[in-house]
Amino acid sequence: MKKRFLALSLALLLVAGCLAACGDNGGSSAAPASTASTAGGGDNGSGAAIKIGGTGPLTGGAAIYGNAAKNGAQIAVDEINALGGLQLELRYEDDVHDPEKAVTAYNTLKDWGMQAFLGSVTSKPAVATSTEANNDHIFFLTPSASSTDVLGGVENPLTETIDIPRKDNIFQMCFVDPNQGSASAQYIYDQKLGTKVAVIYKNDDVYSTGIYNSFAAKAQELGVAIVSTTTFTDDTSTDFSVQIADAKENGADLVFLPMYYEAASMILIQADSVGYKPQWFGVDGMDGILTLDGFNTELAEGVMLLTPFNADSDDEATSKFVSTYKEKFGDVPNQFAADAYDCVWSIYNAIKDEELPEGISASDLCDKLIAKFTSPDFSYDGLTGESMTWDETGAVSKSPKGMVIQGGAYVGLD
Amino acid sequence: MALFLLYPINITLRRGTRWKRGKRGAGSVRGFAPYAESGGGAPGQPEAKLEVVSLSLVNNLINGVSLGSVYAIIALGYTMVYGIAKMLNFAHGDVIMVGAYICFFICSDFGMSPILGILAAVLVCTLLGVLIEQLAYKPLRQVTSLAVLITAIGVSYFLQNAAQLMWTSNPRIFPAIFGSGGIQLIGDLTIPYKTLVTIGACLVIMAGLILFTGKTRTGKAMRACSEDKDAAQLMGINVNRTISITFAIGSALAAVAGVLLCSAYPKLIPTTGSMPGIKAFTAAVFGGIGSIPGAFLGGILLGVIEIFSSAYLSTELANAIVFLVLIVILLVKPTGLLGKKVSEKV
Amino acid sequence: MKRLIIRKKSRKNFITYGVVVAAFIVLASVVSAGAMPSALQGLLVPMCAYIIAAISLNLTVGVLGELSLGHAGFMSVGAFCGATAAMALNGAGVPDWARMAAAVAVGALLAAVAGVVVGVPVLRLRGDYLAIVTLAFGEIIKTVVTNLYVGKDPAGLRVGFLNPDIGLGKGGMMIVNGPNGISGITKISTLTAGFVIILLCLIIIFNLVDSRSGRAIMALRDNRIAAESVGINATQYKLMAFVISAAMAGAAGALYALSQNTVTANKFDFNTSILILVFVVLGGLGNMLGSIVAATVLYILPETWLRQFSDYRMLIYAVVLILMMLITNNAKIRIWMGKLLPHKKEKEGEAHV
């Protein structure tokens with residue numbers, strides 16, 4: 001009983017606190033938000049800053065992706081604000097890679113007065129937030145959520161129906177999963193990289209299964225033999241000996257790894273310890289493997305991957321971005337950071353020449369952005385691709401670069 | 001391809017290889033022969049086939065023992081704390097993570113010897129364990145063990161998030177401090193050094209713990225506390241102090257486990273300890289919670305079952321199969337493999 | 001004396017009902033006045049689901065006295081079955097509230113079936129062995145649902161396991177898509193539905209606890225051997241409490257699923273089970289109002305108020321959790337509280353773990 005009353009009084013106190021805090025944020029959207037992640041720019045006479053929000057896993061097991069995107073977007077916002085003119089304000093909220101929390105994070109951003117949304121960093125939360133953003137008509141451009149369910153409007157080939165209708169204000173900066181899978185299969189076939197292919201993928205992950213499904217379909221179509229298909233999940237992502245042994249015993253000479261780099265690095269290390277050296281082939285999630293702290297890059301020698309971003313590139317924009325990132329956050333940026341950076345810049349490019357009324361509503365801004373992004377003369381050159389364009393499907397059109405790792409660095413293929 | 005015919009359940013060729021039904025189907029008839037058969041489809045001599053089969057079997061066994069030895073060493077720390085304090089220390093996995101980080105920084109960033117790294121990890125973790133115990137667990141000693149369980153979860157969240165703030169969420173690859181090679185048996189079969197070290201460490205720690213709890217005064221006091229706290233108190237044992245010592249030892253073991261876990265599976269992130277922690281806890285229950293040899297046995301068996309079920313049944317369902325086997329064994333032997341049968345009194 | 005005890009008990013029950021109804025009236029009026037920030041408003045229905053899950057787990061842990069670490073598994077069964085039912089009825093001209101009710105009923109029913117399947121073997125075990133087996137079942141349910149494919153086409157429902165190609169015909173629609181879970185759910189759960197289910201669960205639990213069966217269950221909790229010696233059928237009564245608890249968790253799962261755009265099997269993992277257990281233990285074992293309050297506070301807190309701390313959010317949440325546990329269990333504070341509220345002295349039910 002005593003416990004109950006204490007808990008009750010504590011609860012009332014805290015709930016009152018919540019309501020008060022939320023009320024503040026919702027009520028006076030002009031006041032700067034009290035988070036550490038807001039931009040330093042502030043208003044310098046050119047009207048109120050455009051508020052850009054994003055959600056991503058900032059804590060928990062997937063925190064690398066969310067934090068990278070947040071940092072990348074922050075660099076872009078700082079650069080833009082330093083130009084003077086149109087000012088941006090950025091706020092990232094934590095979604096712990098959970099759709100439920102992502103919606104709350106999105107709602108928090110909405111209460112803050114967000115005018116454009118960088119979406120969610122990971123696929124499953126993005127499916128949830130894109131639906132919300134679609135209902136609220138807030139422009140959504142995700143750096144890295146590559147599932148087709150995010151965009152909607154993709155026909156299921158078996159049933160010839162569209163399970164999730166196209167959400168007209170949702171756009172992606174990254175490749176959509178099926179494109180990556182089929183492009184990889186096509187590349188392997190064209191370049192005759194392997195006759196017997198093994199695939200290891202993460203079967204509780206939307207990204208990994210999405211790529212695998214399209215890869216397998218394309219491989220079958222082209223007659224590329226998949227001799228071994230094995231999976232892992234979050235709970236079984238420590239030991240890969242079975243998956244490696246299966247590939248090895250089935251004589252696979254190429255192993256396709258549609259997964260993120262931290263899992264892939266474990267596979268490379270464990271395969272090396274049993275002396276298995278096939279041709280490794282990765283996707284854009286593989287990027288970042290060379291800058292893993294403590295990873296012996298010799299193990300990645302000869303790994304091929306399709307990636308839009310290369311942190312070692314001599315390209316001026318990239319090297320500037322990488323050095324700023326290192327200076328600010330102490331790490332080498334991965335593709336998530338680069339994609340988020342590109343997202344902010346492309347939104348900026350789309351609206352910089354527009355006449356924006358003071359305090360434009362998210363919905364009006366959304367209309368302008370959709371019109372701009374789908375217009376044929378809008379294209380954007382960024383870190384993750386040149387002359388990128390978008391169409392009504394929301395998917396980006398840019399060509400993945402085939403890369404091979406040689407001497408601890410990416411070397412362009414083709 | 002003929003293997004697919006054995007399983008008529010809606011399987012398509014595209015998906016055919018996903019769940020290795022064929023292997024299991026044929027395997028039940030001819031031992032583990034399908035492994036050889038699917039090995040590139042080379043129709044070798046029968047005896048050559050048999051050799052490949054037994055090789056892959058032995059290989060999987062080695063992999064299973066490697067994984068199991070890591071579970072075992074974590075389970076030892078779990079069972080130690082559980083047996084005496086009667087609480088599920090959910091923060092154990094996160095103390096492991098802290099130990100691994102400390103060792104990583106000493107070895108990788110300062111380039112000092114691994115021994116120094118392990119010592120530093122043990123020291124830091126012991127202090128951390130004592131600190132956690134004093135601040136978070138000790139005030140709750142008189143209330144239900146469930147209350148402490150919740151505090152332990154709070155401590156676990158705290159450690160994970162503090163680690164992320166201090167050391168970022170970027171993964172680090174733990175150095176191979178025991179070398180990457182192994183002892184070569186026949187052909188491709190090698191037992192990695194790290195597995196040998198882990199098993200050796202398990203055996204040493206196990207022997208040490210058995211001797212400690214059996215021979216020393218403090219150890220005997222621990223056993224007394226685990227039997228009956230009130231009676232132990234009446235016999236003049238300082239129960240509070242004994243439990244604190246248990247936590248100190250448990251945390252020191254966690255540090256060692258952290259180093260061994262990460263040298264076997266080198267991805268180091270702030271959540272590194274949580275999943276192995278849960279698996280090791282399962283292993284400890286499997287072997288009979290509170291039993292030191294049981295933790296070792298449970299850990300090894302859990303690893304072997306996990307590897308075998310993903311090798312011969314399904315990689316998708318490996319986790320489910322492990323837990324199913326656990327359930328079946330607990331139903332047959334309700335107090336775990338080596339657990340004591342406690343007679344109940346009214 | 002006996003009458004006094006009963007009166008006291010029913011008074012406690014009525015306080016709980018009263019608090020729930022009052023909270024509902026306040027929240028509903030704030031929502032309808034449009035004064036609630038969308039972040040908080042979006043949390044209300046899932047909050048109801050967590051409250052139901054917490055009170056149902058309190059039946060297992062507090063009243064039955066068995067530690068369950070796999071409660072989210074039953075939520076998962078309820079969520080996936082319920083959402084499938086709701087989506088299968090979509091377009092059949094059924095009104096939203098009826099689809100919602102059907103989903104909750106289907107979810108509760110199938111979770112009850114799962115409760116029987118799990119309960120029969122599990123309840124033979126004791127203490128931590130029981131806890132670990134519930135954990136194991138929770139993980140098994142998660143793995144199975146991750147590999148489950150369900151679709152509908154004009155011919156009806158099609159189910160597949162491990163194989164996404166379930167032979168859907170033209171015009172068909174994938175409902176449960178393996179690791180992608182269910183996408184494109186229409187949110188038909190409402191706050192009202194949530195509160196109605198909470199009240200129903202409370203009525204069921206309070207009536208069960210005050211009934212003959214409830215006393216048998218609590219007797220088993222307090223001393224199994226003594227209870228059995230007076231002729232109480234341990235298995236039957238334990239199973240009764242466990243299955244009711246599972247069914248309520250299933251209802252919570254269905255309510256939850258229909259308040260989200262998308263649900264995956266991974267959502268209902270060990271961490272969610274633990275989260276619900278935290279609500280129960282913090283609120284007090286056997287104390288339903290406590291569970292409700294704890295679930296509300298601990299669910300709302302990190303998502304709203306703590307967001308202002310940005311990077312330190314979860315760290316502060318951890319500290320709050322530890323402090324709450326320490327404060328509510330601190331002997332001195334409890335004595336002090338006891339002095340403040342002398343007429344409220346009552347012994348808390350304790351589980352024997």
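Student: In the predicted model, which residue is the bridge partner of A:Val197 in β10(A)?

Tutor: Strand β8 of chain A, residues 196-202, pairs with strand β10 of chain A, residues 254-257. The two strands run in the parallel sense, over 3 bridges. In β10(A), the bridge partner of A:Val197 is A:Leu254.

Student: Which strands of chain A are the edge strands of the open sheet?

Tutor: The open sheet has 7 strands with mixed pairing, in the order β9-β8-β10-β11-β12-β16-β17 of chain A. An edge strand pairs on one side only. The edge strands of chain A are therefore β9 (225-232) and β17 (409-412).

Student: At about what angle does helix α7 of chain A run to β8(A)?

Tutor: Helix α7 of chain A comprises residues 206-222. This helix lies across β8, β9 and β10 of chain A. The angle of α7 to β8(A) is about 160°.

Student: Is α11(C) parallel or oblique to α12(C)?

Tutor: Helix α11 (residues 270-283) and helix α12 (residues 288-303) of chain C pack with their axes 7 Å apart, at an angle of about 125°. Angles over 145 degrees count as roughly antiparallel and those from 65 to 115 as roughly perpendicular, so this angle belongs to the rest. That makes α11(C), relative to α12(C), oblique.

Student: How many charged residues has the contact of α11(C) with α12(C)?

Tutor: Helix α11(C) contributes residues including C:Val278 and C:Phe279, and α12(C) contributes residues including C:Val293 and C:Leu298. By class, the contact has 8 nonpolar and 3 polar residues. The number of charged residues is none.

Terms used:
Residues are numbered from 1 along each chain as its sequence is written. Chains are lettered from A and ligands numbered from 1 in the order in which they are written. This is a predicted model: local features need pLDDT of at least 70, side-chain atom pairs count only at pLDDT 80 or more; totals for chains, interfaces and linings use all residues. Axes are lines fitted to C-alpha atoms, for helices over the stretch in contact, and angles run from 0 to 180 degrees between N-to-C directions. Helices (H or I, at least four residues) and strands (E, at least two) are DSSP runs, numbered from the N terminus. Angles under 35 degrees count as roughly parallel, over 145 as roughly antiparallel, 65 to 115 as roughly perpendicular and the rest as oblique. Two residues are in contact if their C-beta atoms, placed from the backbone, lie within 7 Å. Ala, Val, Leu, Ile, Met, Phe, Trp, Tyr, Cys and Pro count as nonpolar, Asp, Glu, Lys and Arg as charged, and the others, Gly among them, as polar.
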